[in-house]
Amino acid sequence: MAKRASKTASDKAAKPAPAAAGGAASADTDKTIFIGKGDQPTFLTLGLANRHGLVTGATGTGKTVSLQVMAEGFARAGVSVFAADIKGDLSGISEVGEAKDFILSRSKTMGLDFKPDQFSTVFWDVFGEQGHPVRATVSEMGPLLLSRMLDLNDVQEGVLNVAFKVADEGGLPLVDFKDLRAILDAISPANGKKDADDTSDAILELKRTAQQFGNVTKQTIGTIQRQLLVLQNQGGEQFFGEPALQLKDFMRTDSNGRGMVNILVADKLMQSPRLYATFLLWMLSELFEELPEVGDPPQPKLVFFFDEAHLLFTDAPKALLDKIEQVVRLIRSKGVGVYFVTQNPIDVPDRVLAQLGNRVQHALRAFTPRDQKAVQAAAQTFRPNPNLDTAQVITELGKGEALVSFLEGNGTPAMVERVMIRPPTARMGPITPEERKAIMAASPVRGKYDTTIDSDSAFEMLRERLTQTAAPAAEGSSEGGVLGQLGSIVGSIFGTTRPRGQKLSTGQVIARDVTRSVTNKVAGSVAASLGKSVAGSIGGSIGRSIVRGALGGLLRR
């Protein structure tokens with residue numbers, strides 16, 4: 001992002017503030033982020049930040065402010081940040097903060113010299129309205145996550161897997177919705193002999209290949225097509241296409257060496273909760289597959305804040321939960337910290353919750369018996385403090401207060417402490433449309449993703465195959481390219497190119513079958529070669545397509 005005039009204040013604010021009473025540092029250091037203060041200052045250790053975390057609390061208790069404080073601290077340390085902004089409040093991190101009375105008062109009680117600041121920000125938006133478009137190809141998404149997005153049952157998911165397998169082996173890149181619809185139509189069984197006779201040999205070969213992997217029925221294909229229509233009506237079609245997102249664009253530093261803050265504008269996206277959750281899970285899985293192992297770095301490469309995290313786990317099948325647990329458990333060694341943001345810890349399955357070592361718990365309300373059980377469950381996730389009744393304090397916390405427990409020393413959780421969260425140094429609250437427009441105009445990825453590219457992919461390739469075989473061989477046509485001419489030549493030699501309905505001898509029937517077999521094999525070879533040649537223009541999705549990762553996405557290695 002271009003350097004802005006207010007960055008002078010930003011440079012000054014990057015320096016540690018004076019020590020607080022008692023000699024404890026009360027500002028960010030090279031190794032820690034100052035989060036708040038209770039009986040003593042509370043810090044998040046950068047070297048343990050990739051052990052993941054959890055920010056919870058009822059609506060209106062200050063979760064967004066805590067998220068912004070943590071994001072600011074990571075950015076100051078040179079760590080890139082990605083966060084979903086559901087209400088628009090987080091966008092203020094891009095603008096200089098205001099020294100309001102309550103902010104100055106809280107800063108003073110913590111021993112902080114408040115200095116307004118702002119952070120280099122890139123806005124992203126699946127719909128391309130308030131940020132740069134975010135796209136992925138259908139092949140990159142993979143059948144597992146796409147099935148989750150479409151809410152398919154096991155049988156329908158199996159057929160979708162068949163479609164991906166046929167496309168992968170046939171050299172047919174799946175880039176957008178029309179490609180997926182085309183391959184589904186291609187593997188749908190023919191209606192009787194007449195339909196089969198009217199279908200090109202190349203398409204019949206795809207149908208036969210699909211049936212080898214299992215029973216594919218027209219009814220199941222129809223159901224998947226209808227679910228695609230539902231997703232399309234929700235705006236999901238805009239997510240699939242090219243140019244596809246390159247995750248390296250998330251992991252940048254600005255001219256001051258600070259980490260770039262990437263904000264996904266999600267107010268409209270949240271109207272389709274399953275699309276929102278699956279999209280963020282896809283991004284997480286892409287990071288997992290793409291980044292190399294780094295062990296335990298002195299600080300993360302990227303911190304990923306997953307707001308409304310309960311949507312990820314609601315009604316998720318066990319197989320998907322197992323994969324999510326695997327990704328969360330292993331991605332820390334790639335230098336990525338994942339922080340789930342939700343209302344209650346019980347929204348997150350125990351297997352995933354066990355991986356989240358850094359905790360910030362804002363107030364919960366206990367109006368019903370169910371709420372009271374939720375409070376008890378939340379209290380039990382902390383390392384006890386003999387000086388605190390954790391369950392009682394959770395219901396008494398004021399706005400801006402939280403129970404905090406971060407990993408310390410050898411990676412064990414510290415005892416839970418009651419902490420007042422420090423105020424953010426950037427603006428609290430949304431920015432104006434004019435401010436957003438100015439930020440996007442100075443964005444480091446301006447123009448890279450803003451124009452859609454329609455590459456030759458499965459839809460165009462299948463249409464080409466149909467065009468090449470449209471002219472009946474019986475008319476002795478020389479059209480249809482090399483394959484058509486080859487079939488015509490061989491057919492004329494064996495006398496098989498006769499008008500439809502004229503009876504062939506037994507020898508000619510055998511010759512016809514041999515002819516079709518040879519030309520189909522040639523067609524497959526040509527298609528595979530064509531797929532490889534097209535791969536460069538569509539992000540290399542074919543050629544690596546047969547190798548898929550933990551969540552079914554393409555490996556980028």
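**View 1. Ser107 sits in helix H3 (residues 101-109).** Helices (H or I, at least four residues) and strands (E, at least two) are DSSP runs, numbered from the N terminus. Ser107 is buried, with a relative accessible area of 1%; buried means under 20% relative accessible area, exposed over 50%, and partly exposed in between (1.4 Å probe, protein chains only). Leaving out residues up to four places away in sequence, Ser107 touches Leu112, Phe114 and Pro423, where contact means heavy atoms within 4.5 Å. As you look around, remember that this is a predicted model, in which local features need pLDDT of at least 70 and side-chain atom pairs count only at pLDDT 80 or more, while totals for chains, interfaces and linings use all residues. Residues are numbered from 1 along each chain as its sequence is written, and side-chain values use heavy atoms, with hydrogens and water left out.

**View 2. An open sheet has 12 strands with mixed pairing.** Follow the strands in the order E2-E1-E14-E11-E10-E3-E9-E8-E4-E7-E5-E6. At the edges are E2 (41-45) and E6 (132-133), each of which pairs on one side only. Two strands pair if DSSP finds at least two bridges between them. Strands of a sheet pair through backbone hydrogen bonds, either parallel or antiparallel. For an antiparallel example, find E11 (residues 401-405) and E14 (residues 417-421), joined by 4 bridges. Here Glu401 stands opposite Met420 in E14.

**View 3. Strand E8 (residues 302-307) is largely enclosed by the rest of the structure, because 6 of its 6 residues are buried.** Leu302, Phe304 and Phe306 point one way, and Val303, Phe305 and Asp307 point the other way. E8 runs parallel to E4 (residues 80-85), with 4 bridges joining them; Ala83 has Phe305 in E8 as its bridge partner. E8 also runs parallel to E9 (residues 336-342), this time with 6 bridges. There, Asp307 has Val341 in E9 as its bridge partner.

**View 4. Helices H5 (residues 154-170) and H9 (residues 218-233) cross at roughly 90°.** Their axes come within 10 Å; axes are lines fitted to C-alpha atoms, for helices over the stretch in contact, and angles run from 0 to 180 degrees between N-to-C directions. H5 and H9 are therefore roughly perpendicular to each other, since angles under 35 degrees count as roughly parallel, over 145 as roughly antiparallel, 65 to 115 as roughly perpendicular and the rest as oblique. Where they meet, look for Val155, Gln156, Val159 and Leu160 in H5, and for Thr220, Ile221, Thr223 and Ile224 in H9.

**View 5. Leu174 lies in the loop between H5 and helix H6 (177-187).** Leu174 counts as buried, at 1% relative accessibility. Setting aside neighbours within four places in sequence, its contacts include Thr137, Val138, Phe164, Ile183 and Ala458. The C-alpha atoms of Leu174 and Ser457 are separated by 6.4 Å, although these residues are 283 residues apart along the chain.

**View 6. Helix H8 (residues 201-212) has 12 residues.** The expected span of a helix is 1.5 Å times one less than its number of residues. After H8 comes Gly214, whose phi is positive, near 145°.
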